[in-house]
Amino acid sequence: MSEREKISRYFAAQGQGELAERLLDMAERVRAGRPFGVSDFHTPLVGQIATTIRAHYPDLETAENGGYPGAERIKVAFFSAGREVPIEWDIAAVRITWDPRFRLIGHRDVLGSLLGLGLEREVFGDILMQADSAQVVVDRPLVSFLEQELTKVSAVGVRVAEMPLEELKPKEEKLKEVRATVASLRLDTVGAAGFGLSRAKMTDAIRAERVQVNWQRAKGPAQTVAQGDVISLRGRGRMIVAEVLGTSRKGRIAVRLERYQ
């Protein structure tokens, strides 16, 4: 079995076969002589897949860029190891402004209006909400289209203008440390402890497909999590299983969780 087949089969089993195939195609074009290859915007899962591909192809290097440090949705690039080439990321940012007297506009409203223009989610990155505006990281060729076509968000008139990437202001996340002892490292158990929910409510959220583990849809309440895993719950933020501290004499497992809101 070739290296490509191994990678493809592994991620296909995780439900990410299509994305892995696209990245493998891009990597192979670079190996064939292209100076670099850049992906669309994706969740940090794209970085995990790119890292796996790089591990199997030591003649490649990877880089990530989401428009600003700490971006959640990112692009990845492949380039030949040992070659210093300027990567053309084609990343820009726009500011969407409106009169705040009319209505409070939220993240979901902006996302819905962008998708309503017929855009794919992969052509724009993070949406950063401000008091009376939104900052959106986008593919550079998209800027003029948005300036002309995005005139309303949730029935409120808006204006769109390009802005420097350096002026992006990401939301300041609040970190809460949670120390708990759990009966097992099942997703429903650890998630309930970290998000302050009953196990039943956490189970319902998982079954309603509102929970992701490492940016992939949770497999089920009994899914096992491990140190370093990222668990996100729609509407409640995300948390990291920062440490698994050990097992008590009674068989309880001590964990330290970092919850971001």
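User: Which residues touch the most other members of the largest nonpolar core?

Analyst: Happy to start there, and please keep in mind that this is a predicted model. The largest nonpolar core holds 32 residues. Those that touch the most other members are L23, I49, I53, F78 and L168.

User: Which element gives the most residues to this core?

Analyst: The elements that each give two or more residues are α1 (3–13), α2 (17–31), α3 (45–56), β3 (75–80) and β4 (91–97). With 7 residues, the one that gives the most is α2.

User: What is L23 in contact with, leaving aside neighbours within four places in sequence?

Analyst: Contact here takes heavy atoms within 4.5 Å. On that basis, the partners of L23 are S39, V46, I49, A50, I53, V76 and F78.

User: How many residues are in the second core?

Analyst: This core is separate, and its members include V178, F195, L233 and L257. Its residue count is 22.

User: Is Q223 buried or exposed?

Analyst: Q223 sits in the loop between β12 (216–217) and β13 (230–233). Beyond four places in sequence, Q223 touches L185, R186, L187, V213 and A218. Its relative accessible area is 17%, and buried means under 20%, so Q223 is buried.

User: D229 is buried yet has no salt bridge; how far away is the nearest side chain of opposite charge?

Analyst: D229 lies in the loop between β12 and β13. A polar atom of the D229 side chain is 2.8 Å from the backbone nitrogen of A226. A salt bridge would need a distance within 4 Å, whereas the nearest side chain of opposite charge, K219, is away by 9.7 Å.

Conventions: Residues are numbered from 1 along each chain as its sequence is written. This is a predicted model: local features need pLDDT of at least 70, side-chain atom pairs count only at pLDDT 80 or more; totals for chains, interfaces and linings use all residues. Side-chain values use heavy atoms; hydrogens and water are left out. A nonpolar core is a set of buried Ala, Val, Leu, Ile, Met, Phe, Trp, Tyr and Cys residues joined through side-chain atoms within 4.5 Å. Buried means under 20% relative accessible area, exposed over 50%, partly exposed in between (1.4 Å probe, protein chains only). Helices (H or I, at least four residues) and strands (E, at least two) are DSSP runs, numbered from the N terminus. Lys and Arg count as positive and Asp and Glu as negative; His and the chain ends are not counted. A polar contact is a pair of N or O atoms within 3.5 Å; within protein, one must be able to donate a hydrogen and the other to accept it, and residues adjacent in sequence count only if both atoms are side-chain atoms.
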